[in-house]
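Please study the sequence and the structure before reading the solutions.

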Amino acid sequence: MALILLLALVREAFKCTGWMMSSEAEISALNQIGFASQFVDPDVETVVRTFHQHCFSCAGSTLENRVSTPYLTLEDLMSAEAKETRFSHISKILDGSSIPSQSTISRWPSMTSGRPSPIPFQTIASIMGSAVGSDGIGRRPYPSGGALYSAEMVLVFGDTIEGVPAFSVGHYLPVTNRFELLPGRFDRAKFDAISSIKGVSFYIAYFVNLKKATFKYRSRGYRLALLEIGSIYQKIIGAAQEDGLASRVLAGFSEYEFTKDCGLDSRLLLPAVIHAFGYQEGAYV
Ligand SMILES: Cc1cc2nc3c(=O)[nH]c(=O)nc-3n(C[C@H](O)[C@H](O)[C@H](O)COP(=O)(O)O)c2cc1C
């Protein structure tokens, strides 16, 4: 009895110092995939996996060109870019407030080519903390369906990041604001092959945590997770830009290979997009 009382007192004391918060967050991190898995309907899992699989190829991709005769030319595809869409040509139109010109858009153009230069790990850590780290009660700076936060952020560092091993991989833990190092397998050649963008300093990959996304909302949870990823990368783009870093979101990458090289299981973590970062060659700042 005395021992139970003592344990309860120790627990309360740790709660006051904040130790318990980080410890509870860790325990939930360890258990959440296993916990959520128990409630995942196998039919839902099949539907989501199959759909994710179907998202592999797009019009104009090299895969499509290899397996079929493309029905859209490059010119056709380009003519669809940067247009707005009216739903009807007989609807009435109201003018919006005046926006002077394209130059007022605060987001920089997507990075086309990077200039390799040293970046302290602390710069990246502060971008992550300010853009997506949570407050003391676990609220994050972006919304999430059911507050499940089923999108995971994994960073792949190049060899110019000071303070981390070259080509290492880290999983960001937004509640405790730490990075969990993963058994990644990148080297110079693998890192350069991630995308065709030259001079990338590091990547952030956004994964849907399959079990977490689907145990409550079923297939709809996959949709919610993708929406969450969109708001995450928008926040990170803004924070990185403040530190002079340009970026480009990339949907074209080798999903299985990349996930495996990150040291992750592609049956549990479905990569949605990757995000390349670096100092834009010749411009922006
Ligand atoms: C979800 C998503 C996927 C994208 N995938 C690619 C890609 O695979 N390759 C690429 O070069 N750019 C990719 N982009 C970047 C877009 O092409 C770019 O944002 C668009 O052309 C507009 O240019 P801007 O960002 O400079 O305004 C992607 C952007 C988003 C949001």
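**Exercise 1.** Determine how helix α8 packs against α9.

*Solution.* Helix α8 (residues 210–217) and α9 pack at an angle of about 125°, and their axes are 7 Å apart. Axes are lines fitted to C-alpha atoms, for helices over the stretch in contact, and angles run from 0 to 180 degrees between N-to-C directions. Helices (H or I, at least four residues) and strands (E, at least two) are DSSP runs, numbered from the N terminus. The angle therefore makes α8 oblique to α9; angles under 35 degrees count as roughly parallel, over 145 as roughly antiparallel, 65 to 115 as roughly perpendicular and the rest as oblique. The model is predicted: local features need pLDDT of at least 70, side-chain atom pairs count only at pLDDT 80 or more, and totals for chains, interfaces and linings use all residues. Residues are numbered from 1 along each chain as its sequence is written.

**Exercise 2.** Which angle do helices α6 and α9 form, and how far apart are their axes?

*Solution.* Helix α6 (residues 121–132) packs with helix α9 (residues 220–242) at about 130°, the axes being 9 Å apart. This angle makes α6 oblique to α9.

**Exercise 3.** In which sense do strands β5 and β6 pair?

*Solution.* Strand β5 (residues 169–173) and strand β6 (residues 178–182) pair in the antiparallel sense over five bridges; pairing requires that DSSP finds at least two bridges between two strands. Glycine 170 has leucine 181 in β6 as its bridge partner. The two strands, β5 and β6, form a hairpin with four residues between them. In the turn, asparagine 177 has a positive phi of about 55°.
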